[in-house]
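Here is a friendly briefing to read alongside the sequence and the model.

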Amino acid sequence: VLAICLHIFASSGTARASSTADVDARTATFVYQFAMFVAWPASAFLGAHDPIVVGVVSSEATADAFDRVFQGKSIKGRRIVARRLSWASELRTCHLLFVPVTEAQHVEELPTRLEDAPVLTMSDDQTAARRGSVVAFALQNKRVNLEINVDRARLAGVGISSRVLRLARIRRGGDL
Amino acid sequence: VRVRNLSIRTKITLIALVTSTSVLVLALASFLVWDLVSFREQLSHDLTSQAQLIGSNGTAAVAFEDAAAASDMLMGLQSKPEILNAAMYDIDGTVFASFVGRAGLPSALPKHPGLPGTHWGSDTLEVFEPLYLNEQRIGTVFVRSDLSLYHQRLRRFIISSSLLLVVAAAFALLLSARLQVLISRPIIRLKASMQEVSTRRDYTVRVEQDSTDEIGEMIGGFNAMLAEIERGDAALQEAHDELQLRTLHLEQEVGDRVRAERELKALAGTLEQRVAERSAAAEERARELARSEEELRHQTGTLQSILHSMGDGVLVTDENGRITLYNDAAEQTLHTMLHQASMLRDVHALGFVMPDMVTPYPDDQMPMSRALRGEAVDAAELFHPQAGDGGTWLSVNARPLRDDDGVPRSAVAVLRDVSEQKRVEVALVRARDAAEAASRAKSAFLANMSHELRTPLNAIIGYSEMMQEDAEDRGQVEYLGDLRKVHEAGKHLLALINDVLDLSKIEAGRTELHIEPFDVSALIQDLLTTVRPLVAKNRNVLDTDLGPALGSMRSDITKVRQVLLNLLSNASKFTSEGRVVLGVSRSSVDGREWVQFRVTDSGIGITREQRERLFQEFAQADASTARKFGGTGLGLAISKRLCDLMGGTISVDSEHGLGSTFAVSLPADLQPGIRPAEADTTASEVDRDAALPPDYVLVIDDDAAARELIARHLRKEGLTAVLAASGAEGLALARRARPLAISLDVLMPQMDGWTVLAALKADPSLADVPVVMLTIVGEHSRGYALGAADYLQKPIDGAALAAVLRRRIPTIARADVLVVDDDESARKVLARHLHALGCESRMAEDGAIALERCAERRPDLVLLDLVMPTMDGFEFLEQLRRQPSGNDVRVVVISGKDVNPAERARLNGQVIQIVQKHGSECDTLLPEVTRLLKTHARRDAAA
């Protein structure tokens, strides 16, 4: 998989690189905004000012784009930081795990890997909420397609504001 | 038309109409304003809430820049017809999503959001509500509402309230038109009547007054006014008639006068003739007058010489108090003063003073002044400090000298010099005062002596007796003899002091008699009990020889007892291994009842020579007897004087060596005042009140034999019986002093037992006295129904009756006795005795402590000394009786003090008995205390 990815990135070239960076920035902004409507259990943090860690299973460039967007931002007194992860690493060390569409084939693994840890999983794969992620979203012009699996969110112990749920298509079922 | 000239009917209607309408308008207007204001507030609040709701729901859509979602949300406002426009602006102020309602205009949306809050337009209400996320403003919500609903409400309200106003005004008009009659009708009626009066001048018209309000009063006033006018009219008519009558009289009178004048002229003629006759007679008179004047001059000369030769001064003043005449004697008495007064020509300037020798004699009190006022003054005393040697006392008689009309024109005073007489009088008064003071001092000395001498002796006697007992208990026999000697000597000294004091009291005439009725047999029983150990001491036998029907006597029981005790103790003292007989009988001599007591012994007897001196002081049979037999030698002297005092006699019949008989004869009914005893009126009153013994059983029976029988049985039981021969007498006795119990015969003449029982039960103070009914006929149920305690059938078994009575009287229990005495030895002796009797005793050193003891616990009996420091017995009694719990505590006074009549009056009613303590506690006082306890110190049956 990694090889394919690298191949795609490499073949897309610099011209495509800038538009990819735009998309990444927009995705990162949405993740940040979404995080504002999320409430983690107090046990997810050690201290009152610990940052919200957003794990990104992606390329270096995407992670950088997240870093840039998160720069200087905070939610309810906590800074928000991006951390690049690989599938091999421990996924439970972050509060929000973003799985890009390019890595969507791993989404089914998420429930077993995370074991109900208070980690909000998000993916921009349209089907992700039906396969193992909590949130699946697709950014369109002037419109956000949002699917939220409320049962998974409850298993993870992560609260999502009703203001957001109102905009989303609600999915249920922990094993789907 | 001016309102003022409208009819009262219209005015009242108008007032009611205007008042009610304006009040209604005011109420409606204020209600409208209040309603609109609150409606506006409601609208504003609703719209703001709507905007907030939209904002809250749309936060995420704005944040995610999801315009489609935001538009969807605003579409939800379609259900609200009043919303014209709504929009969401992003943070840059551009429209992000918008909504146009059914009546709204798409172009009407503001380009940029306005200030947050509500904005009122003429037809619209707009709200800008800012949107916040993560404490940052991310956009604005705009909502615009239509106000047509508000205007519609306003219109509807105004129309409906105008309708209401019209209906209310019509109703008010109708109501006031009906009700105004209440006020207007009487006024109109009054007006009509007034018109009638003024047109017809008929003052008999009256208006009917059918209410008492102001109009009613006005009508009343109008009527009264008419009545007044009517009366005035009548009076005017009357005056007019009388004037005519007078004119008629006057004319008649003028005619009479003219006639009289004619007659007068005729009289004048006769008068002239008479004057001539009179002048001749006057000349004859003048000659006669000259003759009598000569005679008068001669008489005056004689009178003058008589006047000047008189021993008493004579003084004459005219009606102004000026001295016009005085004789030589008056001049001699008052010389210089008289000259001075004569010069001043004023009798008041003589300078007399009142009999107190200081205060100037008031002018209007001077005998001369009083005589000039028409009084006859006899023996007025005047003093003149300057006249004579050391002042002159004058006794003045003054008389008015009246003219022919009886008016006093001058006064004559006869002055007698009584200075010498006066000086003797003053000396006499001084001597009397001195004698009285001495007498008082003697009395006080005696009273003090009796207390001061006895108190230490009491201690000596009491302690020596106690020590004897202690010595005996501890086996210290060697002290017994000495202690007995101390004790005997103390007792002897005390007896001596008592006798000397007694005697001196009798000699001084200070012994009072306390006359009361008492039962002779009871006295004898009491005496025998007391004297029996004394008689037994010399191994003598005591016998009695009692006559029949001894009954009761009225005398001073204490003194009778004293005399008999003295005789009995003498008899047993001078007799050994012999017989002492006390005989009593009753007889009637010269219509008076007498009781004779005889004490006969078989002792040493008395010789004829001794007999002569027997009743003198310090005269025992011979000098050696005193040493041999003891005694003070005063006993018989005292006895003799006591018998004299009680109107009786004492005599002796004896043969030397064979024994002697002393006979005492006393009147059975001693009347106070027969003896010249010094008992004053208060004392005799006290005696009357104290006539009944405390705590007695009342026996009411018409049969004398039955009474005596019952009384004898009661005495055996230790109860005092008072006998009444009729129901009325019994009731009177019971009301005077409450008896412990009553034995009541049913069959009696006049007032029968049932009537007496009913009267007793009807008297609240006597209702709970137990009554035992005695009768021949068996009427048990009636007796119990009427409240009798028990019922016995005649013939009476005396023992059964006494037992029944005993049962009915609260029994003697462990009485709580409070001993109040400042003398420690007296307290100890009494305490020991009380303890021996099984009583509880508490001690108090003075009245104040005694009051505290009484407050701690109510005692059954108080034995009270009178003379104490801090608070004496009198004050203690007063304070005790003032307390609600202390007013019925039984108190017996035991005092060494001689109680005088005034003190006795003070104690009367407060204490049940006064026991005089003469020192020898063991012999007389303690048995007396025992008897008192048996009688008085019983606890109430409830306790």
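In chain B, 5 strands make an open sheet of mixed pairing, in the order β12-β14-β15-β17-β16. This is a predicted model, in which local features need pLDDT of at least 70, side-chain atom pairs count only at pLDDT 80 or more, and totals for chains, interfaces and linings use all residues; side-chain values use heavy atoms, leaving out hydrogens and water. Residues are numbered from 1 along each chain as its sequence is written, while chains are lettered from A and ligands numbered from 1 in the order in which they are written.

- Strands here are DSSP runs of E with at least two residues, helices are runs of H or I with at least four, and both are numbered from the N terminus. Two strands pair if DSSP finds at least two bridges between them.
- β12 (541-546) and β16 (649-655) of chain B are the edge strands, and each has a single partner, so one side of each is left without a neighbour in the sheet.
- From one strand to the next, the twist averages 15 degrees. Angles run from 0 to 180 degrees between N-to-C directions, and axes are lines fitted to C-alpha atoms, for helices over the stretch in contact.
- Helix α10 (residues 520-537) of chain B packs on this sheet and touches β12, β14 and β15 of chain B, with its direction at about 165 degrees to that of β12(B). Contact means heavy atoms within 4.5 Å.
- Strands β14 (residues 579-589) and β15 (residues 592-601) of chain B run antiparallel and are joined by 10 bridges. Leu582(B) has Val599(B) in β15(B) as its bridge partner.
- Helix α14 (residues 635-645) of chain B lies across β16 and β17 (659-667) of chain B, at about 140 degrees to β16(B).

**The antiparallel sheet of chain B**

- Another open sheet of 5 strands has antiparallel pairing and the order β7-β6-β10-β9-β8 (chain B).
- Its edges are β7 (323-326) and β8 (377-384) of chain B; each has a single partner strand, so one side of each is left without a neighbour in the sheet.
- The twist in this sheet averages 25 degrees from one strand to the next.
- Within it, 6 bridges pair β6 (residues 313-318) with β10 (residues 408-417) of chain B in the antiparallel sense, and Val314(B) stands opposite Val414(B) in β10(B).

**A hairpin and a helix in chain B**

- β1 (residues 83-90) and β2 (residues 95-100) of chain B pair in the antiparallel sense over 5 bridges, with Ala87(B) opposite Ser98(B) in β2(B).
- These two strands form a hairpin with 4 residues between them, and Gly93(B) in the turn has a positive phi of about 95 degrees.
- Helix α16 (residues 704-716) of chain B has 13 residues and spans 19 Å from its first C-alpha to its last, close to the 18 Å expected at 1.5 Å a residue. That expected span is 1.5 Å times one less than the number of residues.
- Buried residues of α16(B) include Ala706(B), Ile710(B), His713(B) and Leu714(B). Buried means under 20% relative accessible area, exposed means over 50%, and partly exposed lies in between (1.4 Å probe, protein chains only).

**Strand β5 of chain A**

- From β5 (residues 96-99) of chain A, Leu96(A) and Phe98(A) point one way and Leu97(A) and Val99(A) the other, and all are buried. In a regular strand the side chains alternate between the two faces of the sheet.
- β5(A) pairs in the parallel sense with β2 (residues 52-56) of chain A over 3 bridges, and Gly55(A) stands opposite Leu97(A).
- β5(A) also pairs in the parallel sense with β6 (residues 120-123) of chain A over 4 bridges, where Leu120(A) is the bridge partner of Leu96(A).

**Where the chains meet**

- The contact takes 16 residues from chain B and 17 residues from chain A.
- Together the chains bury about 1,400 Å², 59% of it on carbon and sulfur atoms. Buried area is the accessible area (1.4 Å probe) that two parts lose on being put together, summed over both.
- Phe64(B), Asp66(B) and Asn134(B) supply 41% of the area that chain B buries against chain A, more than any other three residues.

**Confidence**

- The predictor gives the complex an ipTM of 0.77 and a pTM of 0.35.
- Chain B averages a pLDDT (the predictor's confidence in each residue, from 0 to 100) of 80, and 87% of its residues score at least 70.
- Over residues 674-690 of chain B, pLDDT stays under 50.
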